[in-house]
Amino acid sequence: PIPTLAPQVATATPLTLLPVPTSTPSTGANLVAGIVVLDPAQPVCAQTFTVGFDVANLGTQPTSGGGAVALVDLYGGDGSLQGETLGGFDVIPAGQTIRINMQLTISTWYNETHRLRLTIDAGNQIPETTDSDNVQTVEYVLAKGNCS
């Protein structure tokens, strides 16, 4: 007699899938908008003035590179753009504050309120722990000077 063989049944072994790591940039840098100083303290119509702006890195690591600060002057009456410029900075070490000086000349809406808005890294080129503290706004009244 010929022996009968029992059918072989294949058993599937489940595969364990490991989570795929995501490439989230880790950084300990955190740029923070600080004080704004105008020189002269009250800008004058059609005369160049300096806007000094303190930028601090309150994080635990230096910034990954240098960056820029966008400065815009907006008329207080309707928010329309009256002038703009950029200021640049190099790598900021952790725990350090730097002053960025930018020049601006405004020749419109004298004896009226203007609003300066300064934004650190507006294009989000520098990885940070948070971007929510990157904007500072100050108001001033533009003196008439020799404007008519």
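Select tryptophan 109 to begin: with a relative accessible area of 42%, it is partly exposed (buried is under 20%, exposed over 50%, partly exposed in between, using a 1.4 Å probe and protein chains only). A word on the file before moving on: this is a predicted model, where local features need pLDDT of at least 70, side-chain atom pairs count only at pLDDT 80 or more, and totals for chains, interfaces and linings use all residues. Numbering runs from 1 along each chain as its sequence is written, and side-chain values use heavy atoms, with hydrogens and water left out.

The model has 2 aromatic pairs (Phe, Tyr and Trp rings, the six-membered one for Trp, with centres within 6.5 Å; planes under 30 degrees apart are stacked, over 60 edge-to-face, the rest tilted). Tyrosine 75 and tryptophan 109 make a stacked one, at 4.0 Å centre to centre with 10° between the planes. Tyrosine 75 sits in strand 3 and tryptophan 109 in the loop between strand 5 and strand 6, 34 residues apart. Strands here are DSSP E runs of at least two residues, numbered from the N terminus.

**Now pick glutamine 82.** You'll find glutamine 82 in strand 4, residues 81-89. Leaving out residues up to four places away in sequence, glutamine 82 touches both Tyr75 and Trp109, along with Asp73, Leu74, Ile106, Thr108 and His114 (contact is heavy atoms within 4.5 Å). Its side chain also has a polar contact of 2.8 Å with that of serine 80 (N or O atoms within 3.5 Å, one able to donate a hydrogen and the other to accept it, with sequence-adjacent residues counting only if both atoms are side-chain atoms).

**Jump to valine 69.** Beyond its neighbours within four places in sequence, valine 69 contacts residues including Phe53, Val55, Phe89, Leu118 and Ile120. In the largest nonpolar core, 24 residues, Val69 is among those touching the most other members, as are Val51 and Phe53 (such a core is buried Ala, Val, Leu, Ile, Met, Phe, Trp, Tyr and Cys joined through side-chain atoms within 4.5 Å). Strands 1, 2, 3, 5 and 6 each give two or more residues to this core.

**Last stop: cysteine 45 and cysteine 147.** Both are buried, and a disulfide joins them, S to S 2.0 Å (the cut-off is sulfur atoms within 2.5 Å). Cysteine 45 is in the loop between strand 1 and strand 2 and cysteine 147 in the segment after strand 7, so the pair ties together parts 102 residues apart in sequence. The S-S torsion is about -90°, so this disulfide is left-handed.

Technical notes: Helices (H or I, at least four residues) and strands (E, at least two) are DSSP runs, numbered from the N terminus.
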